Amino acid sequence: MSGAITSVDGAPLVTDEAREARPTLTGPLPVVLSIVIVVGLAALVHFLDVNVPTWFPQATWVGSIEFPVYAIVIGLVAGAVLGAFGVREALSAAFRTEFFIKVGLVLLGASINLAVIARAAGPSIVQAIVLISTVFLVTWWFAGRLGLDDKLRAVIAAAVSICGVSAAIAAAGAVEAKREQLAYVASVVIMFALPLIFIEPWLVQVLGLPAPVAGAWIGGNIDTTAAVTAAGSIVGDQALAIAAIVKSTQNAMMGFVAVGLTAWFVYRIERKPGATVGLGALWARFPKFIIGFVIASAAATWFINTAVDPKAAGAMVKVAGTDLRVWFFTLAFVSIGLEFRVGAIREAGVRPLLVFAVATVVNLTVALALASVLFAGFSLT
Amino acid sequence: MSLTQPPSGARAQPPTVATAGRRAINEDWLATIVGLILVLLVLAGVITDALVP
């Protein structure tokens, strides 16, 4: 594991040996090049999304390929090419999946009526509490059975049960995990989330799930917020709206888990004499983009409801809630591919991967059951 | 731009867990502010559909 090369939120975590072996680019140009790469690839995705269906008018299935598919595939290919030339780390300044996805989610808020968020909040909170508790405890228990280190158990359990990389960072800080453990979990989270982006929308179709249930299922069990958004976008706008609300609710629980983990490790595992646990982490770990998401929804709802011409006002809001949002999501999905590193999989070892696999299956099953019950009959209108 | 080998003995350390946590929190606020500014500009009519490809 010590040789793993990966990143956390775009910040490369590399070994000293790897650093020495690789030439680095210096100066402002790498940042400019990085921005050009991400924006250029997003523009390519937009071009393909618009034009590919017209190139193959006979193949109707081509028209059903959504932009996240193009974005992730193109990002993966571009990341592999940059990696092959040894310049990916040096050009990674603008590969900011988390930033782009959070801006996109705030913009998405503008397209969702505040009343829908208010109605979805109740079932979302119930689902989040039951799902996080179940998946966290099962993962913690199973990782213990396999003899994993307590800190690695905590980081994996938080990542799988709450919201992927962000939760892994919060948990790693709470239990003072090693940076190699955090880097490793961050990579494996993406490794498991990537196939689910495509598998879950397909399963939604196979199972014939209504949009709110599909959204709640996707939002509940896919780990990373970016992957939830990609899968939700593939299913459709209604599923995406519920998936975003459900995932945001899970994100909001992150502070509670961080405080709980800190207390558990301080008082039960490490038994530090005289140590205390502050509640400041509740606010520090609260995802601020959720505030932006709700404010954007409230502002857009008020704007439309008080407009002289609500139809024209709705068209204006669509520029933020749909047009701009799709651009930021495209930048995020391209970045997912650019940030993905195959090397981390080789470094992983079998036992943690087995924990991830079991946790993912449990997460899929419990989330489907909860979504089917809590969001049955939910209306988005 | 220059293509250089980093000097040995002056190795930059990879970000610690604490650094990654601070970065995530700062990025969270930045994304929120950028998103809300864009929404405000759209509602104010500054950014119109003609400006978004």
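Q: Start with Ala371(A). Which residues does Ala371(A) touch, leaving out those up to four places away in sequence?
A: Ala371(A) touches Gln127(A), Val213(A), Ala216(A), Trp217(A) and Ala376(A). Keep in mind that this is a predicted model.

Q: Where is Ala371(A) placed?
A: Ala371(A) is in helix H18 of chain A.

Q: Buried or exposed, that Ala371(A)?
A: Buried. Ala371(A) has 0% relative accessibility, and the cut-off for buried is under 20%.

Q: How far apart are Ala371(A) and Pro212(A)?
A: In sequence, 159 residues. In space, their C-alpha atoms are 8.3 Å apart.

Q: Pro212(A) is in which helix's list of buried residues?
A: That of H10(A). The list also includes Val213(A), Ala216(A) and Trp217(A), which Ala371(A) touches.

Q: How many residues of helix H10 are buried?
A: 10 of the 11 residues in helix H10 (residues 211-221) of chain A. So the helix is largely enclosed by the rest of the structure.

Q: What covers the buried residues of H10(A)?
A: The cover includes helices H6 (114-145), H9 (179-207), H11 (225-235), H12 (237-252) and H18 (350-374) of chain A.

Q: Let's do helix packing. At what angle do H12(A) and H15(A) pack?
A: About 140 degrees, with their axes 10 Å apart. The crossing is left-handed.

Q: Which residues of H12(A) and H15(A) meet?
A: From H12(A), Ala244(A), Ile245(A), Ser248(A), Asn251(A) and Ala252(A). From H15(A), Phe289(A), Ile290(A) and Phe293(A). By class, that contact has six nonpolar, two polar and no charged residues.

Q: And H5(A) with H15(A)? At what angle do the axes cross?
A: Roughly 25 degrees, and the axes come within 6 Å. So H5(A) is roughly parallel to H15(A). H5(A) spans residues 97-109 and H15(A) spans residues 289-305.

Q: Which residues make the contact of H5(A) and H15(A)?
A: H5(A) gives Lys102(A), Leu105(A), Val106(A), Leu108(A) and Gly109(A). H15(A) gives Phe289(A), Gly292(A), Phe293(A), Ala296(A) and Ser297(A). They divide into six nonpolar, three polar and one charged.

Q: Left-handed or right-handed, the crossing of H5(A) and H15(A)?
A: Right-handed.

Q: Next pair, H4(A) and H16(A). At what angle do their axes cross?
A: Roughly 40 degrees, with the axes coming within 6 Å. That makes H4(A) oblique to H16(A). H4(A) passes H16(A) in a right-handed crossing.

Q: Which residues of H4(A) and H16(A) meet?
A: From H4(A), Phe67(A), Pro68(A), Ala71(A), Ile72(A), Gly75(A), Leu76(A), Ala78(A), Gly79(A) and Leu82(A). They meet Val326(A), Phe329(A), Thr330(A), Phe333(A), Val334(A), Gly337(A) and Leu338(A) in H16(A). The contact divides into 12 nonpolar, four polar and no charged residues.

Q: How far apart are the C-alpha atoms of Asp49(A) and Glu66(A)?
A: 7.2 Å, while along the chain the two are 17 residues apart.

Q: What does Asp49(A) count as by relative accessibility?
A: Partly exposed, at 29%.

Q: Switching to backbone. What is the phi of Glu176(A)?
A: Positive, about 55 degrees, although Glu176(A) is not a glycine.

Q: Where does Glu176(A) lie?
A: In the loop between helix H8 (165-175) and H9 of chain A.

Q: Zoom out. How many helices and strands are in chain A?
A: 18 helices and three strands. Of the 381 residues of chain A, 55% count as buried. The accessible surface comes to about 15,000 Å², and 70% of that belongs to carbon and sulfur atoms.

Q: And chain B, how many helices and strands?
A: One helix and one strand. Chain B has 53 residues, and buried ones make up 34%. Its accessible surface is about 3,200 Å², with 66% belonging to carbon and sulfur atoms.

Methods: Residues are numbered from 1 along each chain as its sequence is written. Chains are lettered from A and ligands numbered from 1 in the order in which they are written. This is a predicted model: local features need pLDDT of at least 70, side-chain atom pairs count only at pLDDT 80 or more; totals for chains, interfaces and linings use all residues. Side-chain values use heavy atoms; hydrogens and water are left out. Axes are lines fitted to C-alpha atoms, for helices over the stretch in contact, and angles run from 0 to 180 degrees between N-to-C directions. Helices (H or I, at least four residues) and strands (E, at least two) are DSSP runs, numbered from the N terminus. Angles under 35 degrees count as roughly parallel, over 145 as roughly antiparallel, 65 to 115 as roughly perpendicular and the rest as oblique. A crossing is left-handed if the near helix is turned anticlockwise from the far one by less than a right angle, and right-handed if clockwise. Contact means heavy atoms within 4.5 Å. Ala, Val, Leu, Ile, Met, Phe, Trp, Tyr, Cys and Pro count as nonpolar, Asp, Glu, Lys and Arg as charged, and the others, Gly among them, as polar. Buried means under 20% relative accessible area, exposed over 50%, partly exposed in between (1.4 Å probe, protein chains only). Accessible areas come from the Shrake-Rupley method with a 1.4 Å probe; for residues, only the protein chains shown count as cover.
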